[in-house]
Amino acid sequence: MHKYLKAVLAGVVPDFELQMKAELAAEINRLKRERNAVILGHNYMEPALFYSIPDYVGDSLELCRQAAETSHDIIVFCGVRFMAETAKILNPEKTVLLPSPKAGCSLAASITAADVR
């Protein structure tokens, strides 16, 4: 994993960070297989993890499409809260996890019910 991350991110992310993230990614990928989970990674993830743990990457629309089609028991949504909420609406019987519960979207936070009406 370290060798792969170094090839992809050399000059962008310091090597000591790549080594640390490679170890973390290896453990996350092991748990993902063990627990029948799928990881959806938003384009805004930090680079070392973006390139090492998601099964699918993309924008919020593409990731919600992937969530709707998954057969995995657990969906880990590495994005913002409304994306994970959408995944749960599409998969009420599945566990949906949001690694960063405070992850928000300034655009989504700026809209009000009056704006929608």
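For these notes, contact means heavy atoms within 4.5 Å. I'm working from a predicted model.

**Entry: Cys105**

I started with a loop residue. Cys105 sits in the loop between β4 (95-97) and α6 (106-110). Which residues does Cys105 touch, leaving aside its neighbours within four places in sequence? I found Val80 and Phe82. I also looked up Arg81, which is 24 residues from Cys105 along the chain, and the C-alpha atoms of the two are 7.9 Å apart.

**Entry: the whole protein**

Next I stepped back for the overall layout. I noted seven helices and four strands. Reading from the N terminus, I get α-α-β-α-β-α-β-α-β-α-α. The C-alpha trace spans about 50 × 30 × 20 Å along its principal axes.

How much of the protein is buried? I have 36% of the 117 residues down as buried. I looked up sequence separation too: of the contacts with a separation of 6 or more, 38% are between residues 24 or more positions apart.

**Entry: Leu63**

Then I picked a residue in a helix. Leu63 is in helix α4. Its relative accessible area is 0%, and buried means under 20%, so Leu63 counts as buried.

What surrounds Leu63, once neighbours within four places in sequence are left aside? My list has Leu40, Gly41, His42, Tyr56, Val57, Gly58 and Phe77. I checked Tyr51 as well: Leu63 and Tyr51 are 12 residues apart in sequence, and C-alpha to C-alpha they are 16 Å apart.

**Entry: the buried side of α4**

The buried residues of α4 are Leu63, Cys64, Gln66 and Ala67. Why are they on the same side of α4? They cover an arc of only 155° around the axis, so they share one side of the helix. A reminder to myself: an α-helix has 3.6 residues a turn, so residues three or four places apart point the same way. I also looked up what the buried residues of α4 pack against, and found β1 (37-42), β2 (56-58), β3 (74-78) and α5.

**Entry: α4 with α5**

Helix α4 (residues 60-69) and helix α5 (residues 81-90) have axes 9 Å apart and pack at an angle of about 30°. Angles under 35 degrees count as roughly parallel, and therefore I call α4 and α5 roughly parallel. Their crossing is right-handed.

Which residues make the contact? From α4 I noted Ser60, Cys64, Ala67 and Ala68, and from α5 Phe82, Met83, Thr86, Ala87 and Leu90. By class, this contact has seven nonpolar residues, two polar ones and no charged ones.

**Entry: α1 with α2**

I finished with another helix pair. Helix α1 (residues 2-9) and helix α2 (residues 15-34) cross at roughly 140°, and their axes come within 9 Å. That angle makes α1 oblique to α2. The crossing of α1 past α2 is right-handed.

On the α1 side I listed His2, Leu5, Lys6 and Leu9, which meet Asp15, Leu18, Gln19, Lys21 and Ala22 in α2. How many residues of each class are in this contact? I have four nonpolar, two polar and three charged.

Terms used:
Residues numbered from 1 in each chain as written. Predicted model: local features only at pLDDT ≥ 70, side-chain atom pairs only at ≥ 80, totals over all residues. Heavy atoms only, no water. Axes fitted to C-alpha atoms, helices over the stretch in contact; angles between N-to-C directions. Helix = DSSP H or I, 4+ residues; strand = E, 2+ residues; numbered from the N terminus. Parallel < 35°, antiparallel > 145°, perpendicular 65-115°, else oblique. Left-handed = near helix turned anticlockwise from the far one by under 90°. Nonpolar A, V, L, I, M, F, W, Y, C, P; charged D, E, K, R; others polar. Buried < 20%, exposed > 50% of the residue type's maximum accessible area, 1.4 Å probe, protein only. Arc of directions from axis to C-beta.
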